[in-house]
There are 2 protein chains.
Amino acid sequence: MKAEILSIGRELLMGELVDTNAAYIASQLPRLGFEVQWITQVGDDIDHLVEAFGRAFRRSQLVVSTGGLGPTQDDLTRESIARLMGEEMKVDPGLLANLEEIFRRRGIPMPPSNIKQATLIPSAKAIPNPRGTAPGWWVEKDGRIIVTMPGPPGEVKEMWEGWVFPRLQERFKGQVIVTRAVKTLGLTEAAVGELVSPFFGKENPYLGIYAKPDGIHLRVIARAQTEEAARELIRPVDEAIRAALEPYIWGYDDETPEQAVGALLKQHKLTLATMESCTGGLLASTITDVPGSSEYYKGGIVSYTNEVKELSGVPSSLIRKYGAISQEVAEAMAQAARDRLGADLGIGVTGVAGPSEVEGKPVGTVFTAISMNDTIRHVSSRLPARREVIKRRTVTMVLVELARLLRARPGPVG
Amino acid sequence: MKAEILSIGRELLMGELVDTNAAYIASQLPRLGFEVQWITQVGDDIDHLVEAFGRAFRRSQLVVSTGGLGPTQDDLTRESIARLMGEEMKVDPGLLANLEEIFRRRGIPMPPSNIKQATLIPSAKAIPNPRGTAPGWWVEKDGRIIVTMPGPPGEVKEMWEGWVFPRLQERFKGQVIVTRAVKTLGLTEAAVGELVSPFFGKENPYLGIYAKPDGIHLRVIARAQTEEAARELIRPVDEAIRAALEPYIWGYDDETPEQAVGALLKQHKLTLATMESCTGGLLASTITDVPGSSEYYKGGIVSYTNEVKELSGVPSSLIRKYGAISQEVAEAMAQAARDRLGADLGIGVTGVAGPSEVEGKPVGTVFTAISMNDTIRHVSSRLPARREVIKRRTVTMVLVELARLLRARPGPVG
């Protein structure tokens, strides 16, 4: 079955916004047996919108759009679907009551322009939006479906998971696509490719290889009548991949390095603390992106100046001798974080995020250390990149390393 | 002039990759006077590619594509352009010599499949690629241009800046598009819209309104023969917007809350320290996303447990009396950060990021405090959202508040 995605909004065409909704929906549709063949970004122009919806509706069983459901004159998604269907938009009393209730709760009068968010056409059902004022539309005609949702990614995700996905699943039973991802670090793309080469070039299951900032990912994609049958197709490939790459694997499927670290810390009943300079809090923030991280993460120090490093337990003699950007100081930071904050493990990160070199060390120089039991594990790198990339890569590097360290341990320690 | 963008690759349609190239190119084209009307993502399918290039080439003066220039059988961008133009791909001896040289330097034999990266059609010139094996194509026919580049964003950026942009600039002189953004917080989209309603619905300058996590943005877009003339068109609208919305404005154009705060702290010669719990380091990380932030940011404490809060100077009596999730503790955190890390200003953030309530306070409850001179400024909120959104919104809220506070000060203090 064919599906396509429309992302609507002038700000997309101006490059002011990166369209993450399309990638999210595209990653969901294979689970329902849909193959996405086109993704189109189009502006808030009624002729273009009618053209885009029309073309998509003619060639695909399912069209999913996001954006253009706001209250202003610019927001024309509803109008364009109504025009394409040759139907008239009418205010729905139930939707209007809901909308008025939202504004009553917010304690502000409802601007008249918001009324169009309470409209429907005869072929449309409203998709509830628990987070915003704009309900979506589920439009069904001639055996085809248009799903339209607002632009904010949080609203899209909640409406998709809570309402749209279950209904599509009910409607389109009978073919599913299952994917399995294996994430590795430590080998080049070519080396990984050679180790699993017998599985390339097949249609079902299909094996893809992708170079990502957190290493080389393999993805096996299988399609079958049922989820079980698809998993059965994947199983032998998955087993062979794991046998071939075992020491380099740090996670599976949607697992992020921080989720892998979190699961392993819980399993081993260990706690963690951090002290970071060049990553400026991104390490702590990434660790705490995982729900439940307060079970194992004690806290961290962002030592953006040497003064704060010393205040937090890094010996000033060490900074004088080796410089703040050094393996020795990374170690002392890991140790100090662990001691000061009373955790089982400590991570220390120091480096140069730019814009200019520090202590004669060039931008992109990074030292990290993990302190665990009586051992210190180092990972250092010279990252040839921009500030945000240096921060992000450093965090990924040290978390993947910690995941591999913890995965190598046999059982709970303490 | 009309332009459109094609992003090519199966991984885009599978949702495995977010397409950042399209946003990058879309943000560049207005500077050359191009209006981007369509962005299309299409898979590695020759029929779809010919269809997409054909439609784009017929309706736009300029088509820019990325992706599909690799060495494998999957990479069909060249083949599809050749088919559309009715021309034949031939190996270019100069390109082949270059390619062989790249592999010689890498010390590996060139796989035969790479040879197609050395091909051209009669209408195409090669666009040099300093970072990879795949040159781009500059295809010119019937007064229209197709620019095709490989997929990796680093290669795209370098080829665009170093080669494509200057050539397009030379070719298409005489029309520019200038934009001006005004960023507000504290009013709804509809309320902002009503205050500036006289400017909507015009073509030049065009006024757009956008709801973003950091408030409501207005964007004025003008086109003219010269940059000066375009700015002249924007000026009266900009002035009227500022007059209408002055107390709610926190920044302009591409300015982020953290950049606004950074510029104001430098201007006032003030330093900042933070203590945060529910945002888990994201506040520190956001502040340090600004190059040069080490001039004013001393550092921070991520107090993810009460133990770490107390270790860092928050009185345990206060936590016992009011709970860790309270205005009183947010204040104490702001004060402790300021005192402990020796900064002029302190920010404290405490709240419940989820997944479950804490101390009987529901997910999304957030207390922040800014300690400056003898005053404490509070901002609290109940954010009805997911973990990442609570973290991000809280950071934005407190930084926008700090920017507004600092903007209200007449001159350097300290």
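In this predicted model, 12 strands form an open sheet with mixed pairing, in the order β6(A)-β7(A)-β8(A)-β3(A)-β1(A)-β2(A)-β2(B)-β1(B)-β3(B)-β8(B)-β7(B)-β6(B). The edges are held by β6 (124-127) of chain A and β6 (124-127) of chain B; each has a single partner strand, so one side of each is left without a neighbour in the sheet. From one strand to the next, the twist averages 15 degrees.

Strands of a sheet pair through backbone hydrogen bonds, in either a parallel or an antiparallel sense.

| Strand | Partner strand | Sense | Bridges |
|---|---|---|---|
| β3(A), residues 62-66 | β8(A), residues 144-149 | parallel | 5 bridges |
| β9(A), residues 176-184 | β11(A), residues 215-224 | antiparallel | 9 bridges |
| β10(A), residues 206-212 | β11(A) | antiparallel | 7 bridges |

Individual residues illustrate each pairing. A:Ser65 has A:Thr148 in β8(A) as its bridge partner. In β11(A), A:Ile221 is the bridge partner of A:Thr179, while A:Leu218 of β11(A) stands opposite A:Ile209. Strands β10(A) and β11(A) also form a hairpin, with 2 residues between them.

Helices lie across strands of the sheet described above. Helix α4 (residues 77-85) of chain A lies across β1 (2-8), β3, β7 (136-141) and β8 of chain A, and runs at about 10 degrees to β7(A). Helix α3 (residues 46-59) of chain B lies across strands of both chains: β2 (35-42) of chain A, together with β1 (2-8), β2 (35-42), β3 (62-66) and β8 (144-149) of chain B. The angle between this helix and β1(B) is about 165 degrees.

Definitions and conventions. Residues numbered from 1 in each chain as written. Chains lettered and ligands numbered in written order. Predicted model: local features only at pLDDT ≥ 70, side-chain atom pairs only at ≥ 80, totals over all residues. Pairing = 2+ DSSP bridges. Helix = DSSP H or I, 4+ residues; strand = E, 2+ residues; numbered from the N terminus. Axes fitted to C-alpha atoms, helices over the stretch in contact; angles between N-to-C directions. Contact = placed C-beta atoms within 7 Å.
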